[in-house]
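Visitor: I would like to learn how to read a structure like this one. Could you take me through it feature by feature?

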Amino acid sequence: MTKQMKLLAFDFNGPSHLSAGLWRHERDRGSEYTNIQTWIDYAKMLEAACFDGMFFADNDGYHEKYHGSVDGALRDAAQIPSNDPAFLVPAMAAATRHLGFGITTSTAYTPPYAVARKFATLDHLSDGRVGWNVVTSYSDSAARNLGNGTQLAHDERYERADEFIDVTLKLTEGSWDDDAVVRDRENCTYVDPARVHEIGHQGKHFSVPGIFTAEPSPQRTPVIFQAGGSPAGVALAAKTAEAVFMNSMSKSGLKKQVDALRAKAAELGRDPHHIAVLQMITVISAPTDEEAQRKYQEYLDLVSYDGAMARYSGWTGLDMSQFDPDKPFEDVKTNAGQTMVDVYTKLDPGKKWTPRDIALENGIGGTSPVIVGGPETVADELISWMDETGIDGFNVAHAVKFADVEDFATYVVPELQRRGAMRTAYDGNTLRENIFGPGNARLFADHPGAAYHRATTIASVSPEVVPA
Ligand SMILES: Cc1cc2nc3c(=O)[nH]c(=O)nc-3n(C[C@H](O)[C@H](O)[C@H](O)COP(=O)(O)O)c2cc1C
């Protein structure tokens with residue numbers, strides 16, 4: 001039987017996400033990012049096409065490495081300007097019933113208590129449709145402007161993230177019993193104090209002794225996504241992620257990453273299929289292969305080399321203007337996003353990438369592979385990525401904002417549905433159910449957060465406040 005793919009629409013709350021210079025295309029509507037109605041209409045379109053969710057990248061800083069300046073990023077709107085994506089969720093959730101919303105939030109600057117509270121609020125307001133993409137951050141500008149000036153070392157950021165997630169799990173799963181809210185009018189008791197507990201967390205990075213402010217939300221814990229692919233990133237994902245976002249340029253490279261992650265999860269006693277893997281992909285589609293190819297050529301003509309290098313320099317923490325554009329970019333170490341370097345230097349052994357190749361490739365959809373074609377060509381290719389790598393689906397990026405994913409919904413989705421490779425109706429209510437099937441609104445029992453879960457402490461409760 002054909003496996004049904006999970007689909008998220010990948011976006012950014014700004015005029016331009018991954019593609020360089022493409023905001024100049026006549027169909028691009030990136031400048032509407034400040035218009036809430038545009039986002040609402042887009043969310044409704046995605047739900048009509050049965051997407052599982054939207055996935056928002058975010059960056060607390062800005063790209064300032066290329067030529068040692070932010071100017072290149074500003075000129076190409078390279079992820080700046082940008083607004084906080086979390087504020088879009090309640091409006092889009094109110095206009096939809098099933099679509100999920102993955103929001104990137106860093107563990108580097110805000111205390112875990114505040115992050116847990118933000119996601120609990122979003123989970124309430126969306127009826128259980130929120131996910132948290134846990135990132136450890138890579139941007140020195142964010143460290144300077146939001147942190148204490150300097151970035152922690154790469155692996156130390158992950159160590160801190162591990163404790164950060166642990167604190168949030170204690171808060172969302174362990175502070176309140178499922179039935180703590182009793183709303184007992186007779187005894188003037190809204191919340192039964194016996195069913196709310198201090199978490200008593202004392203660790204290396206955080207001290208959180210008290211109770212959580214938020215009552216349990218439909219999913220209690222947002223679906224935990226992660227993206228870092230370095231050894232420290234994989235170790236954390238294997239332990240705590242429920243969905244991992246990967247970006248490999250080749251199927252063979254991706255398969256290696258997927259197998260390594262699943263093996264590590266199994267070593268830790270988790271069912272490896274309790275982690276969904278989603279590969280980033282950019283699809284340029286049209287009614288026929290020829291029209292799609294024409295569209296792709298039109299896009300390539302608009303790619304900005306400096307815009308692409310401004311982004312890539314920011315992600316890798318390397319000033320790409322220092323490297324010879326025509327010499328292979330070899331194994332380089334960075335304190336920023338190691339995966340963003342490895343994607344060209346390690347994960348595709350069949351090819352040597354020069355900075356010029358990287359810029360051209362990155363200019364359309366960032367580090368994602370690009371599929372160009374009519375409905376059948378695209379469906380064949382997506383299904384072969386699924387079959388050959390063991391992934392669960394895709395995070396669909398774009399070159400031209402809103403238009404490319406709208407085209408995907410128009411041309412590709414019906415073909416995938418016709419082949420049984422994509423859902424034709426929703427069968428659950430929460431984001432976790434969209435990903436893992438109905439009845440899975442809460443964390444799986446083998447997730448470390450499940451150990452903190454408090455269903456009820458009913459035995460300790462005085463009889464008069466037991467709900468009817
Ligand atoms: C596919 C992918 C997407 C990412 N998206 C974001 C993002 O939106 N915001 C962010 O701050 N970091 C993002 N990151 C950065 C990572 O989460 C991580 O903080 C950084 O890459 C360093 O870890 P690594 O060396 O393990 O990749 C992303 C990384 C990858 C690989």
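Predicted model: local features only at pLDDT ≥ 70, side-chain atom pairs only at ≥ 80, totals over all residues.

Visitor: What is the angle at which helix H4 and helix H6 pack, and how far apart are their axes?

Guide: Helix H4, residues 112–125, packs against helix H6, residues 154–174, at an angle of about 50 degrees, and their axes are 9 Å apart. The crossing is right-handed.

Visitor: Which residues of H4 and H6 meet?

Guide: From H4 come Pro-112, Tyr-113, Val-115, Ala-116 and Ala-120, and they meet Phe-164, Val-167, Thr-168, Leu-171 and Thr-172 of H6. Sorted by class, this contact has eight nonpolar and two polar residues, with no charged ones.

Visitor: H6 also has a contact with H7. How do the axes of H6 and H7 cross?

Guide: Those axes come within 9 Å and cross at roughly 10 degrees. That makes H6 roughly parallel to H7, since angles under 35 degrees fall in that group. This crossing is right-handed. On the H6 side the contact is made by His-154, Asp-155, Tyr-158, Ala-161, Asp-162 and Ile-165, and on the H7 side by Ala-232, Gly-233, Leu-236 and Thr-240. By class, the residues in the contact of H6 with H7 are five nonpolar, three polar and two charged.

Visitor: And what is the angle between H7 and H8?

Guide: Helix H7 (residues 231–240) and helix H8 (residues 251–267) pack at about 55 degrees, their axes 8 Å apart. H7 is therefore oblique to H8. Here H7 passes H8 in a right-handed crossing. Val-234, Ala-235, Ala-237 and Ala-238 of H7 meet Ala-260, Leu-261, Lys-264 and Ala-265 of H8. Seven of the contact residues are nonpolar, none is polar and one is charged.

Visitor: Let us turn to the ligand. Which residues come nearest to the ligand?

Guide: There are 20 residues around the ligand, and Ala-57, Gly-228, Ser-230, Gly-233 and Thr-339 come nearest. Strand S3 (100–106) and helix H11 (338–345) are the elements that give two or more residues to this shell.

Visitor: How many residues of the shell around the ligand are nonpolar, polar and charged?

Guide: The shell has six nonpolar residues, 13 polar residues and one charged residue.

Visitor: I also like to check the backbone. Where is the peptide bond that is cis?

Guide: Look at the bond from Ile-80 to Pro-81, which is cis with omega near 5 degrees. Pro-81 sits in the loop between helix H2 (71–75) and helix H3 (89–94).

Visitor: Which residue has a positive phi although it is not a glycine?

Guide: That is His-67, with a phi of about 55 degrees. His-67 is found in the loop between strand S2 (53–57) and H2.

Visitor: Last topic: confidence. What pLDDT does the chain average, and where does pLDDT stay under 50?

Guide: The chain averages a pLDDT of 94, and 97% of the residues score at least 70. Over residues 460–468 pLDDT stays under 50. For that stretch the model has 15 contacts beyond four places in sequence.

Note on methods: Residues numbered from 1 in each chain as written. Axes fitted to C-alpha atoms, helices over the stretch in contact; angles between N-to-C directions. Helix = DSSP H or I, 4+ residues; strand = E, 2+ residues; numbered from the N terminus. Left-handed = near helix turned anticlockwise from the far one by under 90°. Contact = placed C-beta atoms within 7 Å. Nonpolar A, V, L, I, M, F, W, Y, C, P; charged D, E, K, R; others polar. Near = placed C-beta within 6 Å. Parallel < 35°, antiparallel > 145°, perpendicular 65-115°, else oblique. pLDDT = per-residue confidence, 0-100.
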